[in-house]
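Entries follow in the order I checked them.

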Amino acid sequence: MSKKDLEITVGQIRKAIPQHLFQKNEFRFLVSVGQAVSCTLLLTYLAYNYIPLTWLALPIWVAYAFLTGTVATGIWVLGHECGHFAFSDIKWLNDVLGFILHEALLVPYYSWQHSHALHHAKTNHLTEGETHNPVIIDSKMGKIYQKMKDILGVESFACVQIFNIAVLGWPLYLLIGVTGGSARGFTSHFIVPNKLFPPKMLVKVTASNLGLCLVIYGLYKWYLATSFAEVMALYIGPYLVVNMWLTIITFLQHTDADVPHYDETAWTWLKGALCTIDRNYPLWIDALHFEIGTTHVVHHVFSELPHYNAREANVYVKQVIGDLYNQDAKKLWTSLYNSASLVGVEHKGNGVWKFAKA
C-alpha cells in the first residue's frame, strides 16, 4: 500500500485503537503540568541561588539555559495539547490552562492555536500547508537556496539552515509568516486581519497580544528590580532554548527526503496527516517533552488524544497503517543535519512533490 493509492480510512484507524485511550483524565494531565512546571522552577531556583552572575560562570549559565529550556519545552507541549482540547472535555478549561502555559513562554496562545489548527488541517499541502512549507526547487527562492548551497557547500549550508530554524525560525514565523504556506504570503500572529487571521479572530488575537504584554511588563519590572543580566540568565536563555526545540520538533516532523508533499490535485487530509515522521529522540529528552517527537503520527491523525495515552495508541496505529507509518531510526542530530541540507521540492508526477537530490 502507498500514499498514492491510499485505501485506509480514518474510521478504520480509529476503530483499531481501544476507545478508552481517547478518554481525557484531567488529574493525570495536571500531574504532567505539575512535573514540567515544578522541574522548571526548581532548576531556576538552583541557578538563582548557586550560579554567580559573572562572565566566568557563562559556560554554567549556557548549560542551565539548555537544561531548563529543554525541561520548559514540556510546558509548551502541554499548552499545545490544550490548544487541541486534549486536556478536558470542557473546552474553556483547555483554553484557560493553555493560555496560562503558553503566554508564560511568550507564545500568543489563541493566535497560535488558530494557525496550528490550519497546520493540522493542511499538513504537507504544497501551497496551503502552514509552517515549514518547502520551496519549489525551480522557483526564485529555490534557485537562491541552491546557489547558496553550491557556494557554501553542503555542511555549511546545513549549519546555516539549522541556525535559521533554531534561532530565527520562531520569531520570524510569528512576525511575518516565514515558512508559512505560499498561498497566504505575508501573515502576522499579531495583526488582524490578514490571510491567516480573518476579522472574526480580532478578539482572540487581541487577548493573546495582551497576555504577551502582561508577561513582557512583568519581565520589565523584574529587570528594574534586579538587573538585565539576571533576566537574561534566568528567563531569556531558557526561553530561547524552548523556541529552538519547538521549531526543530516541528521541522523534523514533516521534512525528509523520503516524505512527499502534495499539490491540490493529489492532496487529501489523511495523506497529509500520514506524512508525519516519528523521530529518534534521546530518551531523557523524549520523556521531558512528553513523547511529542516519537508519537507524532498518531497525534496528527487524532490530535485530541491525550499525550499520556499516545505511546500505547501508536502501537495500534502502526499495526493498522503498516508501511504508511514513517519512523526514522537515525540519531536526532543526524536527522536534523540531513533534513537541513535539503533545498526544495520538485514534481515527481501525479501531484506528488519530493525534495530534489543534491
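This is a predicted model: local features need pLDDT of at least 70, side-chain atom pairs count only at pLDDT 80 or more; totals for chains, interfaces and linings use all residues.

**Second largest pocket.** I put its volume at about 470 Å³. I found 15 residues lining it, and Leu-58, Trp-61, Val-62, Met-232 and Ala-233 are the closest to its centre. H3 and H9 are the elements that give two or more residues to this lining. H9 has the largest share, with seven residues. With my classes in hand, I sorted the lining of the second largest pocket into 13 nonpolar, two polar and no charged residues.

**Largest pocket.** Next I went to the largest pocket, with a volume of about 1,000 Å³. It has 48 lining residues, and those closest to the centre are His-132, Asn-133, Val-178, Thr-179 and Gly-180. I listed the elements that give two or more residues to this lining; among them are helix H3 (58-83), helix H5 (109-121), S1, helix H7 (154-176) and helix H9 (228-254). Which helix gives the most to the lining of the largest pocket? I got H7, with eight residues. By class, I have the lining of the largest pocket down as 23 nonpolar, 25 polar and no charged residues.

**The sheet.** I found an open sheet of four strands in the order S1-S5-S6-S2, with mixed pairing. Strand S1 (135-136) and strand S2 (261-262) are the edge strands, each pairing on one side only. S1 runs parallel to strand S5 (residues 344-349), and two bridges join them. In that pair, I saw Ile-136 opposite Val-345 of S5.

**His-102.** I picked out this residue in helix H4 (residues 91-103). Is His-102 buried or exposed? It counts as buried, because its relative accessibility is 0% and the cut-off for buried is under 20%. Leaving out residues up to four places away in sequence, I noted that His-102 touches Trp-76, Gly-79, His-80, Val-107, Tyr-109 and Trp-112.

**Record check.** In the model, the end C-alpha atoms of residues 61-323 lie 44 Å apart. I have that span down as 63% helix and 3% strand.

Conventions: Residues are numbered from 1 along each chain as its sequence is written. Side-chain values use heavy atoms; hydrogens and water are left out. Two strands pair if DSSP finds at least two bridges between them. Buried means under 20% relative accessible area, exposed over 50%, partly exposed in between (1.4 Å probe, protein chains only). Contact means heavy atoms within 4.5 Å. On a 1 Å grid over the protein atoms alone, a cavity is a set of points where a 1.4 Å probe fits but cannot get out, and a pocket is an open set with protein on both sides within 12 Å along at least five of seven lines; lining residues have an atom within 4 Å of a point. Grid points are joined across faces, edges and corners, and a volume is the space filled by probe spheres set on the points. Ala, Val, Leu, Ile, Met, Phe, Trp, Tyr, Cys and Pro count as nonpolar, Asp, Glu, Lys and Arg as charged, and the others, Gly among them, as polar.
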